[in-house]
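Q: Could you take me through a close look at one part of this model, the place where two of its chains meet? I would like the contacts in one connected account, please.

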Amino acid sequence: MMLDEPLITLTTDFGTRDGFVAQMKGVILGINPRARLIDVTHDIEPYSVLEGALVVKGMAPQFPGGTIHVAVVDPGVGSNRRGIVLCTEEQTYVGPDNGLFSLIMSDNRAYEIREIQNPDFIRPEHHPTFHGRDIFAPTAAHLSAGKPFEEVGPLVHDPIMLSIPPVKENAEGLEGAVIYVDRFGNLTSNIDKAKLSRIVDTVCVGNVTIQGLSRFFGEVPEGEAMALINSFGLLEIAINQGNAAKMLGIGKAEPVRVFWT
Amino acid sequence: MMLDEPLITLTTDFGTRDGFVAQMKGVILGINPRARLIDVTHDIEPYSVLEGALVVKGMAPQFPGGTIHVAVVDPGVGSNRRGIVLCTEEQTYVGPDNGLFSLIMSDNRAYEIREIQNPDFIRPEHHPTFHGRDIFAPTAAHLSAGKPFEEVGPLVHDPIMLSIPPVKENAEGLEGAVIYVDRFGNLTSNIDKAKLSRIVDTVCVGNVTIQGLSRFFGEVPEGEAMALINSFGLLEIAINQGNAAKMLGIGKAEPVRVFWT
Amino acid sequence: MMLDEPLITLTTDFGTRDGFVAQMKGVILGINPRARLIDVTHDIEPYSVLEGALVVKGMAPQFPGGTIHVAVVDPGVGSNRRGIVLCTEEQTYVGPDNGLFSLIMSDNRAYEIREIQNPDFIRPEHHPTFHGRDIFAPTAAHLSAGKPFEEVGPLVHDPIMLSIPPVKENAEGLEGAVIYVDRFGNLTSNIDKAKLSRIVDTVCVGNVTIQGLSRFFGEVPEGEAMALINSFGLLEIAINQGNAAKMLGIGKAEPVRVFWT
C-alpha cells in the first residue's frame with residue numbers, strides 16, 4: 001500500500017544531541033519531500049539491539065499499513081553485516097541485519113527480506129560509520145517514493161535472529177528473566193502473556209514475592225511492588241509510583257519466577 | 001474551528017526511550033492520517049502533574065486556534081479517575097482529570113468539560129496502564145477528524161484542581177515558594193507578575209538577597225543571581241550562565257520573599 | 001527557492017522538558033500553518049555555541065535547498081547582540097549573531113547576512129529572555145511564508161566568528177585538540193580531513209597511541225581505541241563499542257597529535 005504522504009518512523013540509539021538523526025531526516029526529505037517523519041526514539045541504550053527490537057515490536061503494530069520503519073541500532077556498522085529491507089503484509093522495515101527486526105519476524109506469518117545492494121538506493125559516497133544516513137535513510141525514502149521492494153537487492157533467507165533467553169516451564173510454574181528496564185524503572189521479563197495460561201499464585205524476583213497479578217499500578221498502595229502484563233504483552237514487575245529497578249536493586253538478567261496456584 | 005491539517009500536540013512523562021509515545025502517534029495517524037503531530041515534551045518529571053500543568057499553561061496559548069493538546073501525566077492511570085476533554089473557546093485538551101489542565105481552566109473564562117465515556121472514542125481493547133494510547137490518543141484523533149465534542153460523554157462540573165500553595169501578602173511584600181526547576185536550574189516561583197504591583201526592593205531565597213528585578217540574564221555579571229519575570233509570567237530566580245538550583249542549593253518548596261521599596 | 005510545504009529545522013539548547021521549544025513551534029505554525037517543523041536537537045550543551053555550530057555544520061548540508069534553519073544557543077539573549085538571518089545560495093539560517101553560523105559561512109562561498117530589525121518579523125511584545133520564541137521563530141515563519149529576505153533589516157558585514165583553536169603543522173605532523181565529545185563519548189578534534197594530506201603513522205591523545213586511521217568502528221577489536229574521519233569530516237578518536245571520553249579520561253581541549261609516516 002502506498003500512502004499519499006508516506007509515514008517513515010525513526011528508531012535509533014543516536015541520541016538527538018549531535019544532529020545525526022537530523023542528517024537522516026534531511027536525506028529522506030531531499031529524496032521524498034512528501035515523506036512524513038515520526039520520531040520513535042533515539043534513546044535506545046547504545047548498541048542494545050534487544051532494547052531496539054522490543055521498542056520496534058511494541059510500536060510498529062500501532063501504525064497504519066504502509067508505514068516504513070527505519071531502525072538503526074548497529075554495533076556492526078561498517079563491517080560486513082548486511083543491510084536489509086523486511087516486508088511484512090502490512091509494513092516495511094529498513095535497517096541492519098542483526099536481529100533488530102527478529103521479533104517482528106516472529107510476530108508475522110508472512111514476510112520477505114532483501115539485502116540492500118542496488119546502488120540506486122544508496123548514496124554514492126557513503127561513510128563507513130553512518131549507514132543510517134547513507135544507506136538506510138535513502139533506501140526508506142526511495143521505497144516511500146514508489147521504488148519497488150523487488151529492486152532493493154537479492155532475497156535473504158537466513159536473517160540474524162536475536163537470542164532471547166527461553167522461558168523454562170515446569171509443573172510448579174515458569175522461570176524467565178528481566179530483559180528490559182524502562183524509563184520508570186519497570187522491569188520487563190521475557191515471559192509472554194500467552195505463557196500465563198494458569199492462575200498465578202506468586203511472582204518472585206530478587207527478594208520480593210508478589211501475590212498474583214495486578215491490572216494497573218494504582219491497584220496496590222503507593223511504593224508497593226506488583227506484577228502485571230505490560231503494553232508489550234510481557235510480564236512486568238513494577239512499583240506503584242516508584243522505580244522498581246532502583247528500589248529493588250534489580251536489573252537485566254535477574255531471574256523472574258512464576259508459581260501457579 | 002477545524003484545521004485542514006489539524007494540529008495535535010503531545011505532552012507526557014513517558015520519555016521517548018521506550019516507544020510509548022510512538023505507539024500513541026501510530027494510533028492517532030491510523031484514525032486520522034491528516035493529523036499533524038507536535039511533540040511538546042515527554043520529559044515531564046514522572047508523575048509530576050504540577051510540572052505538566054505549568055508546561056501546558058506556557059505552551060498552549062502559543063498555538064493557533066483549533067489545536068488539540070493531549071497531555072498525559074497520570075499517576076492514577078487505571079484507577080477510577082476520569083478521562084476528560086476540556087474545550088475552551090479556542091482550543092481542546094485531552095487527558096486525565098487530575099489537575100493537569102487546571103491552570104488552563106484558571107486562564108480561560110469560558111470552557112466546557114466532558115468525561116470520555118463514548119466507546120466510539122476509545123479503543124475496543126484498552127490496556128489498564130496505557131490510557132495515553134488507548135483512550136486519550138484515539139479521542140484526540142476522532143475529535144481532529146470531526147467527531148463532535150458533544151458526543152464524548154457527559155458534562156463534568158467538578159474537575160480536579162491543582163493545589164498550588166497560595167502567595168501570602170503583607171505590608172512589607174510577598175511570600176511565595178519555588179514550584180518548578182527548569183532544565184537550566186532556573187527557579188520558578190508561584191508569584192505571578194500580576195502580584196508584583198509595587199516596586200521590588202529585594203528578592204530573598206535561601207541565603208541570597210537579590211536587588212530589584214532584571215529584565216534578562218546578561219544584565220548581571222556571569223555567575224551572579226538575579227530575579228526576573230520568566231516566560232510563564234512568573235517570578236524566577238536565575239544565575240547568569242549558571243545553574244541556580246545547584247549553585248544555591250535550592251529546590252522545590254523553598255520560600256521566596258519579595259520586599260517592596 | 002520556495003518549498004510548497006517549507007521545511008524549518010530547530011536546533012537549540014533548550015531541552016524539551018519545559019515546553020520552550022513547543023512555544024516556538026506554536027508561534028511558527030500560527031504564522032505559517034504550512035511550515036513543516038523538523039527537530040534537529042534541543043540538547044546542545046547549554047550555552048555551548050561551538051557545539052551548536054558543529055551540529056548545524058553537520059546537519060544543514062543534508063537538507064534540500066530552501067530549508068530554513070533556526071538555531072538558538074544564545075548566552076547573550078537580551079543583551080545588545082544582534083539577531084541575524086544568513087542566506088547562502090541554498091538555504092537560510094535564523095538565530096543570534098554569536099558565531100553559531102560561522103562554520104556555515106566558512107563552508108559557503110557566497111552569502112548575505114541581515115540584522116533582524118523590521119518589526120513585521122518580530123512579535124509585538126517580545127520577552128527579553130526568549131528571542132527564540134519572539135524574534136527567531138516568527139522571522140523564520142514569515143520568511144517561510146514568502147516575506148522577502150531583503151526586508152529583514154540592514155546588511156551585516158562583520159558577523160561574529162567562532163574562534164576555533166587553529167591546527168599547528170610541522171614537518172613531523174599536526175597538533176590539534178579535542179573540540180567536541182558526542183553522545184557515544186567519541187572525541188571530535190579540530191583536524192579537518194583536508195589537513196590529512198599525508199599518510200598517518202600514529203595519532204596520540206592522552207596516554208594512548210593509535211596506529212594509522214580506521215574506516216569504521218568494527219575494524220578494531222571491541223574495547224580498543226581507533227582514529228577515523230567522522231561524519232563531520234573531522235578526525236575523531238573512538239573506542240569500538242566503548243566510550244572513549246570515559247575510558248581514556250579525555251575531554252574537550254585535550255591535545256591531539258598526528259605523526260606522518
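A: Happy to: let's start with C:R17 and B:E51, whose side chains meet in a salt bridge at 3.5 Å, N to O. The term stands for a side-chain nitrogen of Lys or Arg within 4 Å of a carboxyl oxygen of Asp or Glu, and the count between chain B and chain C is one. Please keep in mind that this is a predicted model, where local features need pLDDT of at least 70, side-chain atom pairs count only at pLDDT 80 or more, and totals for chains, interfaces and linings use all residues. Residues are numbered from 1 along each chain as its sequence is written, chains are lettered from A and ligands numbered from 1 in the order in which they are written, and side-chain values use heavy atoms, with hydrogens and water left out.

Now for the wider interface. Here 32 residues of chain B are in contact (heavy atoms within 4.5 Å) with 36 residues of chain C. About 2700 Å² is buried between these two chains, with carbon and sulfur atoms giving 54%; this is the accessible area (1.4 Å probe) lost on putting the two parts together, summed over both. On the chain B side, B:Q62, B:R183 and B:F184 lose the most area to chain C, together 26% of what that side buries.
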